[in-house]
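Please look over the sequence and the model before reading on.

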Amino acid sequence: MLLTDCKTYFHTDNLYDILRVERNATASEIKKGYYKQSMKWHPDKAATDEASTKNATVRFQIITKAYQILADKEKRLLYDESGVIDEENVLSEEESVNMWRQVFKKVTVEDIDKFIAQYRGSEEEEGDIIATYNLCDGDMTKIMDSIMGTTFDDEDRIKEFIDKKINEGILKETAKYKSSTSKTALNRRRRKAEKEAEEALEEKKKRGDGDKSLQALILSRQAERASNMDSFFDSLAAKYGGKEKKRSKK
């Protein structure tokens, strides 16, 4: 079920929250929201191990299905009025990717790479950390699993950011946050990360692609810092997403 999957993978069953847009968003804003979120979870970026590929693929399918509903006037109206969604014709991984390519035909792997690099440490990521903290009641394990492109090495900077927002009164320190940032919880995540790194290395050896995979490239190089994610997306959306046709006056 789509809404159940939304809750499991995004900690919300609100389709507008999935695309990070307001309920009264225009068609253009919904398309832009779809672009932002799908760029974060496009399957092409998660190629180092089976678990990360599956996680990104499911999230990508959920995002695409949410867009499919909200981009359709009749389906959106039905959802807005009753909360009912069309569960038929659930898109497969291939269909989700094909739909994405139809909407954003000229986006390349390099564009995805550039986006992820600019996302890390940006205002966009900070907003996602705050939103995920609130949705997960401060569970650090879920936060680390939910923020795109993060590894165990990012945990210190993310915790530092959260602590800062708690001190500023923007976030409230929860019991779950305290327990999930304990030494025991930290060591558990470290062991998991080390195991996943070993599995990823073995997988790359089997494929013989060394460090050429997109995910390895993204996680190994120094991420660029973007001060204005919206302007970056505006330029990409204008370049790849197409422009809305102006309505002629009658």
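Residues are numbered from 1 along each chain as its sequence is written, and side-chain values use heavy atoms, with hydrogens and water left out.

**Overall build**

- The protein chain has 14 helices and zero strands; helices (H or I, at least four residues) and strands (E, at least two) are DSSP runs, numbered from the N terminus.
- Of the 250 residues in the protein chain, 44% are buried, where buried means under 20% relative accessible area, exposed over 50%, and partly exposed in between (1.4 Å probe, protein chains only).
- The accessible surface of the protein chain is about 14500 Å², and carbon and sulfur atoms account for 47% of that surface; these areas come from the Shrake-Rupley method with a 1.4 Å probe, and for residues only the protein chains shown count as cover.
- Among contacts between residues at least 6 apart in sequence, 72% join residues at least 24 apart, a contact being heavy atoms within 4.5 Å.

**Confidence**

- The average pLDDT of the protein chain is 76, and 66% of the residues score at least 70; pLDDT is the predictor's confidence in each residue, from 0 to 100.
- Residues 210-250 have a pLDDT below 50, and this stretch has 72 contacts in the model beyond near neighbours in sequence.
- Where pLDDT is low, the predicted coordinates should not be read in detail.

**Nonpolar core**

- The largest nonpolar core has 40 residues, and those with the most contacts inside it are Leu 15, Ile 18, Leu 19, Leu 70 and Ile 162. Such a core is a set of buried Ala, Val, Leu, Ile, Met, Phe, Trp, Tyr and Cys residues joined through side-chain atoms within 4.5 Å.
- Helix H4 (50-70) gives the most to this core, with eight residues.
- At least three residues of this core come from each of domain 1 (2-103) and domain 2 (120-207); the domain bounds come from an automatic or database domain assignment.
- Apart from its neighbours within four places in sequence, Ile 18 is in contact with residues including Cys 6, Phe 10 and Ile 62.

**Aromatic pairs**

- There are three aromatic pairs. Rings of Phe, Tyr and Trp (its six-membered ring) pair if their centres lie within 6.5 Å; planes under 30 degrees apart count as stacked, over 60 as edge-to-face and the rest as tilted.
- The ring centres of Tyr 16 and Tyr 79 are 6.1 Å apart and their planes are at 40°, so this pair is tilted. Tyr 16 lies in helix H2 and Tyr 79 in helix H5 (residues 73-82), 63 residues apart.
- Tyr 16 is buried at 1% relative accessibility, and Tyr 79 is buried at 6%.
- Tyr 34 and Tyr 67 form a stacked pair, with 4.2 Å centre to centre and 10° between the planes. Tyr 34 is in helix H3 and Tyr 67 is in helix H4, so the pair ties together parts that are 33 residues apart in sequence.

**Loop residues with positive phi**

- Most residues other than glycine have a negative phi.
- Arg 20 has a positive phi near 55°. Arg 20 lies in the loop between helix H2 (15-19) and helix H3 (27-41) and is partly exposed, at 38% relative accessible area.
- Asp 137 has a positive phi near 60°. Asp 137 lies in the loop between helix H8 (123-135) and helix H9 (140-146) and is partly exposed, at 44%.

Key: This is a predicted model: local features need pLDDT of at least 70, side-chain atom pairs count only at pLDDT 80 or more; totals for chains, interfaces and linings use all residues.
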